[in-house]
Amino acid sequence: ARLAVMAALALFCRIGLSEHKAKETLKNEALSRLLTHAVEQAEAILGCAVDRCTGTLLYNAATRLKDQQHLTFLAKYIATKGIGSDLQLNGKCTAGNRLCYQVKPDHQLGQ
(Lines give C-alpha, C1' and ligand atoms only; values in the text may rest on other atoms or scores of the structure.)
Protein backbone atom coordinates (compact mmCIF):
# COMPACT_ATOMS: atom_id res chain seq x y z
CA ALA A 1 0.00 0.00 0.00
CA ARG A 2 2.86 2.37 0.79
CA LEU A 3 4.33 1.78 -2.66
CA ALA A 4 0.99 2.66 -4.29
CA VAL A 5 0.79 5.88 -2.25
CA MET A 6 4.32 6.84 -3.29
CA ALA A 7 3.51 6.10 -6.94
CA ALA A 8 0.36 8.22 -6.76
CA LEU A 9 2.28 11.05 -5.08
CA ALA A 10 4.90 10.94 -7.84
CA LEU A 11 2.17 10.90 -10.51
CA PHE A 12 0.36 13.88 -9.00
CA CYS A 13 3.58 15.88 -8.73
CA ARG A 14 4.54 14.95 -12.30
CA ILE A 15 1.27 16.34 -13.67
CA GLY A 16 1.89 19.70 -12.02
CA LEU A 17 0.52 19.52 -8.48
CA SER A 18 2.74 20.87 -5.73
CA GLU A 19 3.91 18.25 -3.26
CA HIS A 20 1.60 19.74 -0.64
CA LYS A 21 -1.42 19.65 -3.00
CA ALA A 22 -0.55 16.10 -4.05
CA LYS A 23 -0.45 14.98 -0.42
CA GLU A 24 -3.77 16.69 0.28
CA THR A 25 -5.27 14.99 -2.78
CA LEU A 26 -4.08 11.60 -1.51
CA LYS A 27 -6.11 12.13 1.67
CA ASN A 28 -9.27 12.03 -0.46
CA GLU A 29 -9.41 8.46 -1.79
CA ALA A 30 -12.26 9.10 -4.21
CA LEU A 31 -10.53 12.13 -5.74
CA SER A 32 -7.21 10.27 -5.92
CA ARG A 33 -8.87 7.38 -7.72
CA LEU A 34 -10.65 9.70 -10.19
CA LEU A 35 -7.53 11.74 -10.90
CA THR A 36 -5.38 8.67 -11.40
CA HIS A 37 -7.95 7.23 -13.79
CA ALA A 38 -8.21 10.51 -15.74
CA VAL A 39 -4.41 10.76 -16.08
CA GLU A 40 -4.18 7.13 -17.21
CA GLN A 41 -6.90 7.74 -19.81
CA ALA A 42 -5.20 10.86 -21.12
CA GLU A 43 -1.80 9.17 -21.29
CA ALA A 44 -3.29 6.21 -23.15
CA ILE A 45 -4.71 8.59 -25.74
CA LEU A 46 -1.51 10.62 -26.03
CA GLY A 47 0.89 7.71 -25.87
CA CYS A 48 3.09 9.69 -23.48
CA ALA A 49 3.01 11.50 -20.15
CA VAL A 50 0.66 14.47 -19.86
CA ASP A 51 2.14 17.94 -19.57
CA ARG A 52 1.51 20.23 -16.61
CA CYS A 53 -1.22 22.22 -18.35
CA THR A 54 -3.12 19.05 -19.20
CA GLY A 55 -2.49 17.70 -15.70
CA THR A 56 -3.93 20.83 -14.11
CA LEU A 57 -7.04 20.59 -16.25
CA LEU A 58 -7.44 16.91 -15.38
CA TYR A 59 -7.14 17.75 -11.67
CA ASN A 60 -9.72 20.51 -12.01
CA ALA A 61 -12.08 18.18 -13.88
CA ALA A 62 -11.64 15.46 -11.25
CA THR A 63 -12.50 17.89 -8.47
CA ARG A 64 -15.64 19.05 -10.28
CA LEU A 65 -16.97 15.78 -11.66
CA LYS A 66 -17.61 12.90 -9.32
CA ASP A 67 -18.81 10.51 -12.04
CA GLN A 68 -15.95 8.50 -13.53
CA GLN A 69 -17.76 7.91 -16.83
CA HIS A 70 -18.14 11.62 -17.50
CA LEU A 71 -14.64 12.37 -16.25
CA THR A 72 -13.29 9.79 -18.71
CA PHE A 73 -15.21 11.55 -21.47
CA LEU A 74 -13.78 14.96 -20.50
CA ALA A 75 -10.28 13.49 -20.11
CA LYS A 76 -10.40 12.57 -23.80
CA TYR A 77 -11.26 16.16 -24.72
CA ILE A 78 -8.57 17.55 -22.42
CA ALA A 79 -5.91 15.17 -23.78
CA THR A 80 -6.72 16.04 -27.39
CA LYS A 81 -6.82 19.78 -26.55
CA GLY A 82 -10.56 20.02 -27.23
CA ILE A 83 -10.60 21.68 -23.83
CA GLY A 84 -7.48 23.76 -23.39
CA SER A 85 -8.27 26.15 -20.59
CA ASP A 86 -9.94 26.27 -17.22
CA LEU A 87 -12.52 28.65 -18.68
CA GLN A 88 -13.51 26.07 -21.30
CA LEU A 89 -13.62 23.38 -18.63
CA ASN A 90 -15.89 25.55 -16.48
CA GLY A 91 -18.18 25.97 -19.45
CA LYS A 92 -18.47 22.21 -19.84
CA CYS A 93 -19.13 21.63 -16.15
CA THR A 94 -21.58 24.40 -15.23
CA ALA A 95 -25.28 24.17 -14.51
CA GLY A 96 -24.95 21.03 -12.44
CA ASN A 97 -22.81 19.32 -15.08
CA ARG A 98 -25.81 19.48 -17.42
CA LEU A 99 -23.75 19.45 -20.63
CA CYS A 100 -21.65 16.53 -19.44
CA TYR A 101 -24.81 14.50 -18.93
CA GLN A 102 -26.36 15.51 -22.25
CA VAL A 103 -23.41 14.33 -24.33
CA LYS A 104 -23.06 10.59 -24.67
CA PRO A 105 -19.69 9.22 -23.50
CA ASP A 106 -19.21 7.25 -26.71
CA HIS A 107 -19.46 10.44 -28.79
CA GLN A 108 -16.78 10.53 -31.46
CA LEU A 109 -14.29 13.32 -30.87
CA GLY A 110 -13.86 15.74 -33.70
CA GLN A 111 -17.17 14.94 -35.38
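Visitor: Which residue forms a salt bridge with E24?

Guide: A salt bridge here is a side-chain nitrogen of Lys or Arg within 4 Å of a carboxyl oxygen of Asp or Glu. For E24 the partner is K27, with their closest N and O atoms 3.1 Å apart. Mind that this is a predicted model, where local features need pLDDT of at least 70, side-chain atom pairs count only at pLDDT 80 or more, and totals for chains, interfaces and linings use all residues. Residues are numbered from 1 along each chain as its sequence is written, and side-chain values use heavy atoms, leaving out hydrogens and water.

Visitor: How many salt bridges are there by this rule?

Guide: The count is five. One of them joins E43 and R14, at 2.7 Å from N to O. Helices are DSSP runs of H or I, at least four residues long, numbered from the N terminus. E43 sits in helix 3 and R14 in helix 1 (residues 2–14), so this pair ties together parts 29 residues apart in sequence.

Visitor: Is E43 buried or exposed?

Guide: Buried means under 20% relative accessible area, exposed over 50%, and partly exposed in between (1.4 Å probe, protein chains only). E43 has 19%, so it's buried, while R14 is partly exposed at 37%.

Visitor: Which helix has the lowest mean pLDDT?

Guide: pLDDT is the predictor's confidence in each residue, from 0 to 100. Among the elements of the protein chain, helix 6 (residues 86–102) has the lowest mean, 65. Over residues 99–111 the pLDDT is below 50.

Technical notes
Helix = DSSP H or I, 4+ residues; strand = E, 2+ residues; numbered from the N terminus. Contact = heavy atoms within 4.5 Å.
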